[in-house]
Amino acid sequence: MGVLLEVKDLVTHFHTQEGTVYAVNGVSYTLNEGETLGVVGESGSGKSVHVLSMLGLIPRPPGRIENGEVIFNGRDLLKLSEKELRKVRGAEIGMIFQDPMTSLNPVLTIGRQLTEALKLHLGMNTTQARARATELLDIVGIPNAGRRLDDYPHQFSGGMRQRVMIAIGLSCNPRLLIADEPTTALDVTIQAQIVELVKQLKEHLGMAMIWITHDLGVVAGLADTVQVMYAGRIVERGPVESVFKDPRSAYTLGLIKSLPRPDMPRGTRLEQIPGAPPDMLNKPVGDPFAPRNPYATPRCCEETPPLRPVPDGHPDHYVAAWYDLREARALEARTAEEAA
Ligand SMILES: Nc1ncnc2c1ncn2[C@@H]1O[C@H](COP(=O)(O)OP(=O)(O)O)[C@@H](O)[C@H]1O
Ligand SMILES: [Mg+2]
């Protein structure tokens, strides 16, 4: 499979009155054609800013892309003009954002919002665009699609609005679909339906996808690769099964432990990661997770660990850590056994 997207050492900061916000601090990865990447991490870890930077959508000022390349389809997106980027965004990269109420225009019908992009990017006439729009609404599971084209966003439920957003994201057959917390505002049942829908669409349409969420559980059944972000960096990355079964970052382990599992007795209290997320107004030093990490070593407080292949693991599994999580946990288990 060919490489579709290559992000190289992306750094984005915001220069505000309060000081510099170190939002993204050197993010590098590649995404293959047809691959689904789940990007996870607590709120404020730079997930949104990293994709908004790629798409030319961060407010500048106060935002500034300090470094990096984003090679998509052979071009560096960071070097394109606003006009060229707008074309890429509508036609080659589809986007779905968190809140359909703010992303959909409340005074335009759903049909109008869908057909506009089709006319602009694919050069369709009104009849063709309406036919395609109906087809798209049908694909995303909106009943009576043809009759709903003339409805306004407020006439749809939250889940149905999110389906409309997905239809718009898919409208130009993008090679890459970026979804930023698309189910966060929805209740759990609707959330599961949307995840299922996107899974089916992906298999059907074969595009690559970046799915951003603070909820590791959401990506488990959806992504091929998972990438965990903390303080504007990738702390772990690998095939989903490998990262879930064999996490090597204490942060990822914390996220996994905070997930509810089906085999848990009712009322089990979930473990929370102790401490608070980092203040991004401080220039990151060392391993930013060190203050919250029971396995941290002195080196973690001083030097930033690079993302490297894990020892004795899946060849595509990477971690940024100076400590060896498996060794540390094994030692912990032995000590507990001896004490018992
Ligand atoms: N327009 C902005 N001005 C200043 N700081 C911002 C702006 N947008 C985002 N940030 C900051 O950048 C950091 C990363 O934010 P974000 O990427 O939105 O986090 P996530 O999506 O992982 O929750 C946060 O500290 C956030 O407050
Ligand atoms: Mg976000």
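This is a predicted model: local features need pLDDT of at least 70, side-chain atom pairs count only at pLDDT 80 or more; totals for chains, interfaces and linings use all residues.
Residues are numbered from 1 along each chain as its sequence is written, chains are lettered from A and ligands numbered from 1 in the order in which they are written, and side-chain values use heavy atoms, without hydrogens or water.

**Ligand 1**

Select ligand 1 and the 15 residues that surround it (a heavy atom within 4 Å). The closest are Gly44, Ser45, Lys47, Ser48 and Val49. Next, display the polar contacts (pairs of N or O atoms within 3.5 Å). A backbone N or O atom of Gly46 is 3.1 Å from a ligand oxygen. The side chain of Lys47 places an N or O atom 2.8 Å from an oxygen of ligand 1, and a polar side-chain atom of Ser48 is 2.8 Å from a ligand oxygen.

Now colour β1 (3–16), β2 (19–32) and α1 (47–54), each of which supplies at least two residues of the shell. The largest share, 3 residues, comes from α1.

**Helices α4 and α5**

Move to α4 (residues 110–122) and α5 (residues 126–139), which pack at about 115 degrees with axes 9 Å apart. Angles run from 0 to 180 degrees between N-to-C directions, with axes fitted to C-alpha atoms over the stretch in contact.

Finally, show the side of α4 in contact (heavy atoms within 4.5 Å), including Leu114 and Leu118. Among the residues they meet in α5 are Ala129, Ala133 and Leu136.

Note on methods: Helices (H or I, at least four residues) and strands (E, at least two) are DSSP runs, numbered from the N terminus. A polar contact is a pair of N or O atoms within 3.5 Å; within protein, one must be able to donate a hydrogen and the other to accept it, and residues adjacent in sequence count only if both atoms are side-chain atoms.
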